[in-house]
Amino acid sequence: MDARIAKIDDAQGLVYGWASVVVKDGGTVVDSQDDVIEPAELEKAAVNFMLNHRAAGEMHQGKPTGQIVESMVMSPEKAGAMGFGADIAKSVPTGLWIGVKLDPKGETFTKVKSGEYKMFSIQGRGKQVPV
């Protein structure tokens with residue numbers, strides 16, 4: 001599973017989708033850099049990001065071009081707690097779902113709408129540990 005953009009709200013300049021998926025169908029996801037993120041570490045990083053940063057950049061460079069306005073580390077356990085039936089909850093991946101507010105007339109939003117930017121990419125620092 002990748003982090004493709006799932007929904008665009010043209011009028012508000014909102015973009016939604018998975019920023020990272022770390023467990024899918026009960027199996028650990030290896031990302032495009034051959035890294036694995038443990039669910040607890042993803043949750044810790046997401047909380048830290050929302051408390052201290054919340055800015056969204058373009059291609060990990062330059063000034064922020066947007067603001068994270070929704071963020072939830074989703075999991076089958078949380079889906080169950082939200083009242084989804086067991087059959088649906090068990091199929092929910094564990095990952096970070098976000099909503100980003102961009103300028104609806106801005107260059108970054110234009111690139112999202114055109115399909116030039118197709119997915120989210122998380123950025124951060126971590127300690128790599130061989131598995």
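Before the first stop, one term: strands are runs assigned by DSSP, numbered from the N terminus. Two of them count as paired if DSSP finds at least two bridges between them. Keep in mind throughout that this is a predicted model.

**Stop 1**

Select residues 5-9, strand E1, together with residues 14-24, strand E2. These strands pair in the antiparallel sense, over four bridges. Show Ile-5 and look across to E2, where Gly-17 stands opposite.

**Stop 2: helix H4**

Select residues 107-114, which form helix H4. Which residues of this helix are buried? They are Thr-108, Phe-109, Lys-111 and Val-112. Because they cover an arc of only 155 degrees around the axis, they sit on the same side of H4.

Now show what the buried residues of H4 pack against: E1, E2, strand E4 (55-58), strand E5 (61-74) and strand E6 (94-102). Turn to the face of H4 directed away from the buried side, and you find the exposed residues Glu-107 and Ser-114. Just after the helix, select Gly-115, which takes a positive phi of about 95 degrees.

**Stop 3**

Select Glu-107 in H4 and Glu-58 in strand E4. Their C-alpha atoms are 10.0 Å apart in space, while in sequence the two residues are 49 residues apart. Which of these glutamates is buried and which is exposed? Glu-107 has a relative accessible area of 54%, so it counts as exposed, since the cut-off for exposed is over 50%. Glu-58 has 16% relative accessibility and therefore counts as buried, the limit being under 20%.

Stay on Glu-58 and show its side chain. A polar contact of 2.6 Å joins it to the side chain of Thr-108, and another, of 3.0 Å, joins it to the side chain of Lys-111. Leaving aside neighbours within four places in sequence, Glu-58 is in contact with Thr-65, Thr-108, Lys-111 and Tyr-117.

**Stop 3: the nonpolar cores**

Select Val-15, Leu-96, Ile-98, Val-100, Leu-102 and Phe-120. They have the most contacts inside the largest nonpolar core, which has 16 residues. At least two residues of this core come from each of E2, helix H1 (39-52), E5, E6 and H4. E6 gives the most, with four residues.

Now centre on Leu-96. Beyond its neighbours within four places in sequence, its contacts include Trp-18, Leu-42, Ala-46 and Met-72.

**Stop 4: the aromatic pair**

How many aromatic pairs does the structure hold? There is one. Select Trp-18 and Trp-97, which form this pair in an edge-to-face arrangement. The centres are 5.4 Å apart, with 85 degrees between the planes. Trp-18 is in strand E2 and Trp-97 in strand E6, 79 residues apart, so the pair links distant parts of the chain. Trp-18 counts as buried at 14% relative accessibility, whereas Trp-97 counts as partly exposed at 27%.

Notes. Residues are numbered from 1 along each chain as its sequence is written. This is a predicted model: local features need pLDDT of at least 70, side-chain atom pairs count only at pLDDT 80 or more; totals for chains, interfaces and linings use all residues. Side-chain values use heavy atoms; hydrogens and water are left out. Buried means under 20% relative accessible area, exposed over 50%, partly exposed in between (1.4 Å probe, protein chains only). The arc is that of the directions from the helix axis to the C-beta atoms. Contact means heavy atoms within 4.5 Å. A polar contact is a pair of N or O atoms within 3.5 Å; within protein, one must be able to donate a hydrogen and the other to accept it, and residues adjacent in sequence count only if both atoms are side-chain atoms. A nonpolar core is a set of buried Ala, Val, Leu, Ile, Met, Phe, Trp, Tyr and Cys residues joined through side-chain atoms within 4.5 Å. Rings of Phe, Tyr and Trp (its six-membered ring) pair if their centres lie within 6.5 Å; planes under 30 degrees apart count as stacked, over 60 as edge-to-face and the rest as tilted.
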